[in-house]
Amino acid sequence: MSTSFGTATSTVTRNDPKIRVQSFTGLKSSHSIALTRNLRVFTVSFSRPSLIRAVSAPVKPETATEPKRSKVEIFKEQSNFIRYPLNEEILTDAPNINEAATQLIKFHGSYQQYNRDERGARSYSFMLRTKNPGGKVSNQLYLTMDDLADQFGIGTLRLTTRQTFQLHGVLKKNLKTVMSTIIKNMGSTLGACGDLNRNVLAPAAPLMMKEYMFAQETADNIAALLTPQSGFYYDVWVDGERFMTSEPPEVVKARNDNSHGTNFPDLPEPIYGTQFLPRKFKIAVTVPTDNSVDILTNDIGVVVVSDENAEPKGFNIYVGGGMGRTHRLETTFPRLGEPLGYVPKEDILYAIKAIVVTQRDHGRRDDRKYSRMKYLISSWGIEKFRSVVEQYYGKKFEPFRELPEWEFKSYLGWHEQGDGALFCGLHVDNGRVGGKMKKTLREVIEKYNVNVRITPNQNIILCDIRSSWRRPITTVLAQAGLLHPRYVDPLNLTAMACPAFPLCPLAITEAERGIPDILKRVRAVFEKVGLKYNESVVIRITGCPNGCARPYMAELGLVGDGPNSYQIWLGGTPNQTQLARSFMNKVKVQDLEKVFEPLFYYWKRKRQPKEPFGDFTNRMGFEKLQELVDKWEGPVQTPARYNLKPFADKETYEAMDELAKLQNKSAHQLAIEVIRNFVAAQQNGKTPLTHYFNSRSLPINLKI
């Protein structure tokens, strides 16, 4: 597959805000593997006004026809490195921006949206997404985002599945104020969306362990390596003023290295060029066993490999993961990453760059449905892909190192960091921080001056907490409904949903707004078929097939495929290492129990010891499961069984917690003690339960 980078056919003035970068055919692939690494660059020396010409290498034969390109490729080509026409559109009085600017603003970390619940004229607003490698959020930035949500958003913050904030409802007239405020408070939205490297994931736990610290450092360095360099972000939002932190010298060296023809040396974007990447690009870094980052769903998955003394020595690299697909189009599909090889730790940035450049030069730019790197690898095969990457890398990859089994780690609850401080992981349903929860989180974060981390499961971690602060923080969080995970329904702890309606333009049906009711219905089915309260399945729901909440890794995935209907996916695993498969199409939301009941009923009765639901569905086979669903007439009646929920509501918990403090106990300890005393009293025909509480003048209700 010979590679054509296009040719420069016009020149432009850099200082012109309407600059039109030369016609550029894009970094297109044809059907030969031949690569030429030495790029030919056509430039002129800069003066004012400055002129630039596009990089080209090597020129295709004159007989070759110009490859087809998508409309977005044209917008990028004509944008003066993602400036024009966005820089003009944000200044108009209209509430929205035009089509080209709508595509370009994604690179700046924003999407144009409108409220789809409203009829009549569209009420436009913008969603902003931050860039937080490894989910790290400083105290200052958290408080800033909290303020911006109230002043310019819809009063809530959304924690995303890629460890970032989303701020919804920003009006166009406020965009520059909000963007500049984020930039000036140690934040950024640059590259959070668009055809470039997105936020780099890493385990959110602030553990002071060599492997974890090295994973976080590596995530930071990869994010810096692949950050755009041409200044368009600062030109548009802060009038060219730079707010740059210093970069490690190894990052600068790796970015500038052109030993193997990876760079456009005379363009302001040495890695991305004028065309950036064919589509979004996602990277995650983790340590062995820790699959809190859904490592196999990324374009690149990086795993720290250490010696017997836990000293990091290098990295295993997976490539080719991705979730997005299109309904009823079998040529689009979710895909797991597969092993590429191992590299020494000093080579990781060069290896990452080589992989990115391979996708840049060979990924499809004609049809965006097939532009992710997973389709390039599926087309070529891993051996050919590895061979091409090695030409840009300049070395052979070493054999993949053996890894232990993966585990999903949530890091909820209280944990020691390893430096004398504690961290507290808090479950946030669907990542939506609002109301009393939002107010209380701000009070705690501000009062104790703690930093924050966002997890890939839409939860939040409070870091650097002194042990003496644990009790007062626990109390105030519980009053806002932020309870210890043992008091949260296990179904909720692992569930995720994308925002979907009303603001996402791609949504087909509900996700975030629908999942609370669906989880309650699943819990009711569990009780009906005799499953215990502490049993759970991983449930993920998205409003469309793009897969933002990674439903194709769930044990039970619901993917919107029509108004009030879902495609049902089964077969993922709790440790996120196996793809689910499509089981049923267009199941109406009101008919979900007709599918859930037989599936969970037979899981309860036919599973092997400790067999997770996803493994059970795969072992049974979809044909058999479909037969069971089709013939379902309801569960066989058995004697009633009861599941214990010590706290039915927040008021119950608060009352019990107040009483427990008087006895120097936890609310859970006291609840169990009360129940045990009640059972013993009933068996012995002694004092009823109410006497236990009346003697302490604090009534409470227990739901059994």
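**Reading features in a predicted model**

Modeller: Leu 422 counts as buried, because its relative accessibility is 10%; buried means under 20% relative accessible area, exposed over 50%, and partly exposed in between, with a 1.4 Å probe and protein chains only. This is a predicted model, in which local features need pLDDT of at least 70, side-chain atom pairs count only at pLDDT 80 or more, and totals for chains, interfaces and linings use all residues. Residues are numbered from 1 along each chain as its sequence is written, and side-chain values use heavy atoms, leaving out hydrogens and water.

Colleague: In which strand is Leu 422 found?

Modeller: Strands (E, at least two residues) and helices (H or I, at least four) are DSSP runs numbered from the N terminus. Leu 422 belongs to strand β17, residues 422–426.

Colleague: With which residues is Leu 422 in contact, leaving aside its neighbours within four places in sequence?

Modeller: Contact means heavy atoms within 4.5 Å. For Leu 422 the list runs from Trp 414, His 415, Glu 416 and Gln 417 to Leu 462, Cys 463, Asp 464, Ile 465, Ser 467 and Arg 470.

Colleague: Where is Leu 225 placed, and what does Leu 225 touch?

Modeller: Leu 225 sits in helix α6, which spans residues 210–225. Its relative accessible area is 1%, so Leu 225 is buried. Not counting residues up to four places away in sequence, Leu 225 touches Val 251, Ala 254, Arg 255, Ile 271, Leu 349, Ile 352 and Lys 353. Leu 225 and Leu 349 are 124 residues apart in sequence, yet 7.5 Å apart from C-alpha to C-alpha.

Colleague: Is Ser 125 buried or exposed?

Modeller: Ser 125 is buried, with a relative accessible area of 7%. Ser 125 lies in strand β8, residues 124–129. Beyond four places in sequence, its contacts are Tyr 111, Gln 112, Gln 113, Gly 169, Val 170 and Leu 503.

Colleague: What percentage of the residues of the protein count as buried?

Modeller: Of 704 residues, 58% count as buried. The protein exposes about 29,200 Å², with 50% supplied by carbon and sulfur atoms; accessible areas come from the Shrake-Rupley method with a 1.4 Å probe, and for residues only the protein chains shown count as cover. The secondary structure comes to 21 helices and 25 strands. Among contacts between residues at least 6 apart in sequence, 69% join residues at least 24 apart.

Colleague: How many disulfides does the structure hold?

Modeller: A disulfide is a covalent bond between the sulfur atoms of two cysteines. The cut-off is a pair of cysteine sulfur atoms within 2.5 Å. The structure holds zero. Cys 504 is in no disulfide, and the nearest cysteine sulfur, that of Cys 544, is 5.8 Å away. Cys 504 is partly exposed, at 22% relative accessible area, while Cys 193 counts as buried at 0%.

Colleague: How many aromatic pairs does the count come to?

Modeller: A pair of aromatic rings is described by the distance of the centres and the angle of the planes. Rings of Phe, Tyr and Trp (its six-membered ring) pair if their centres lie within 6.5 Å; planes under 30 degrees apart count as stacked, over 60 as edge-to-face, and the rest as tilted. The count is 25. Tyr 448 and Trp 469 form one that is tilted, at 5.0 Å centre to centre and 50 degrees between the planes. Tyr 448 lies in helix α12 (435–448) and Trp 469 in the loop between β20 (460–465) and α13 (470–479), so the pair ties together parts 21 residues apart in sequence. Tyr 448 counts as buried at 13%, and Trp 469 is buried at 17%.

Colleague: What are the distance and angle for Phe 600 and Trp 603?

Modeller: Their ring centres are 6.4 Å apart and the planes are at 55 degrees, so the pair is tilted. Both residues are buried. They are three residues apart in helix α16 (592–606), and are therefore separated by about one helical turn. Phe 526, Phe 596, Phe 600, Trp 603 and Phe 613 form one aromatic cluster.

Colleague: Which ring does the charged end of Arg 401 sit over?

Modeller: A charge sits over a ring if NZ of Lys or CZ of Arg is within 6 Å of the ring centre and within 35 degrees of the ring normal. Arg 401 sits over the ring of Tyr 342, 3.7 Å from its centre. The charged end of Lys 345 sits over the ring of Phe 214, 6.0 Å from its centre.

Colleague: Over which residues does pLDDT stay under 50?

Modeller: pLDDT is the predictor's confidence in each residue, from 0 to 100. The protein averages 88, and 84% of the residues score at least 70. Residues 1–63 stay under 50, and the model has 169 contacts for them beyond four places in sequence. Over residues 687–704 pLDDT is also below 50, with 31 contacts in the model beyond near neighbours in sequence.
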